[in-house]
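Some labels given to a structure rest on cut-offs. The questions here ask what stands behind such labels.

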Amino acid sequence: MAALESFRTARWLRSLNLVLQAVLFLSFFGGLNYLARNHAWGRFDLTSQRKYSLSAETLSYIKNLDRNVHISVAFAEDNDSPEIHGLLDEYAYATEARSVGRITKEYFDVYQNRRRAEELGIEQPDLIVLVCGDKRRALPVNELYRIKDKQRVAFQGEQALTAAILEVSSPTRQKIYFVVGHGELQPGDTDKTRGLSVLRDELRARNFEVDTLDLSVAGRVPADASLVVTVGPSVQSSYTRPEQEMLRQYLGARAGRLIALLPPGKSVDRFGLGDLLFDWGVLVDDDIVVDVGLENLTEDGDLYLWAYASHPITEALRGNKYPLRLGPTRTVRVDPGRSTATGLTVTPIAATSPAAWGETNYRRPPYALDASDIRPLRGMPPEERLSVIVASERVSVRDNLPFSVPGGRLVVFGTGDLLSNQRIVNNGNLPVFLGAVNWAVDRDPQLNIAPRPIERFVLAISAAEFTRLRYVLLLGLPGGTLLLGLLVYWTRRV
């Protein structure tokens, strides 16, 4: 028998043929991957919600970036947010061919990589930090999701991240002025009950510039003011008429933005702000909120609020079901006699329980409801409740234009220490103020990009079905493979 026709040679040829087929197979797919990686003609997203594609609006924004942005994601080991990973990959891919205007990313465990966490000033996981030059923005992971009943129901990460990228890459920062000179709480004070240093750090982390403003010295609200805030002016000090006129001109003629936190213990007229608030349809009562419902009070006598209007200011509170924890609080209501001819819209934001009332004789405890106290007005929102936070906005149509021109915005809180260092740590206090800030300065994190629903797949089987499935996997599949092998063996023997 010739060597080429021997059984040994045939086996070697068959083996060589199989090896060559395997090499050809691997070379083919390796070449395809090389071409796809280095010479891609297009990428196709076949998912139903296009969750791996950036919107045309986002692409137009990042196409014009002229500064590099680095995104650091601090996760814990057990975190599972695949939407964020996929989205950041798309940002990086869309800009990877550019030398300027690139978006880069990194992920790290905040507990295992403490050195990197300290460099970025991160102490807790589930935080996204965007850095562009000397500007940074911290973005909690939960802000990338729409939350309902403490469950993630939609992913709005593209809206939030695109807005954050635009903020940190912008050469200027929005500036917030805190008014001083009337006994207000100040951002540079670290005192537990009178300081706002924690709030100051939170605002700076969100790319705001924070400064103080003494109206009696400055003589006007600065031109670079994006927002003016007055927190807890003292009951012993008042705004002068010139100072009130400065704020009126700022809100009216300059379409400015003002947030006022006014503690009880003094009428708003004695604060020197009565005419200003009257112009904006806000009625601030000289009372103190009393609630007899034990479930609405803390052991320290603080007030819990759970009722919120549907408004951009309260979105985080409603989604996460966070309560507001307030100290001494007065009622702040929509003025029923306000004029709506100037495009004024006044909205109650947060309200008490139906068991509460506004005690006008608060200087003489014990408190009891009587005819002189403040009760909800029929037909006025919120129904059967007293509001303690009110937002007012003026939008008008000018010169018969087919669109509205936004005017000033005002938010009034009926408490003065909501933002103090000891209170701001409560679940709802910081989110409601940040919501008010974002609404006031038109910082809309959602742009014009629709959120994407989160797909959940649930396998529902009974205990008996689970037991049968376990036996099929443990015994059925190996047993079927064994029978197939015996059948092949028997066929070859025959």
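Predicted model: local features only at pLDDT ≥ 70, side-chain atom pairs only at ≥ 80, totals over all residues.

Residues are numbered from 1 along each chain as its sequence is written, and side-chain values use heavy atoms, with hydrogens and water left out.

Q: Why is α2 called oblique to α3?
A: The axes of helix α2 (residues 56-63) and helix α3 (residues 82-95) come within 10 Å and cross at roughly 50°. Angles under 35 degrees count as roughly parallel, over 145 as roughly antiparallel, 65 to 115 as roughly perpendicular and the rest as oblique. Therefore α2 is oblique to α3.

Q: Which residues make the contact of α2 with α3?
A: T58, L59 and I62 in α2 meet Y91, A94 and T95 in α3, where contact means heavy atoms within 4.5 Å. By class, this contact has 4 nonpolar, 2 polar and no charged residues. Ala, Val, Leu, Ile, Met, Phe, Trp, Tyr, Cys and Pro count as nonpolar, Asp, Glu, Lys and Arg as charged, and the others, Gly among them, as polar.

Q: What makes T230 buried or exposed?
A: Buried means under 20% relative accessible area, exposed over 50%, and partly exposed in between, with a 1.4 Å probe and protein chains only. T230 has a relative accessible area of 3%, so T230 is buried.

Q: What does T230 touch?
A: T230, in strand β9 (residues 225-231), touches V179, E184, Y239, I259, A260 and L261, not counting residues up to four places away in sequence.

Note on methods:
Axes fitted to C-alpha atoms, helices over the stretch in contact; angles between N-to-C directions. Helix = DSSP H or I, 4+ residues; strand = E, 2+ residues; numbered from the N terminus.
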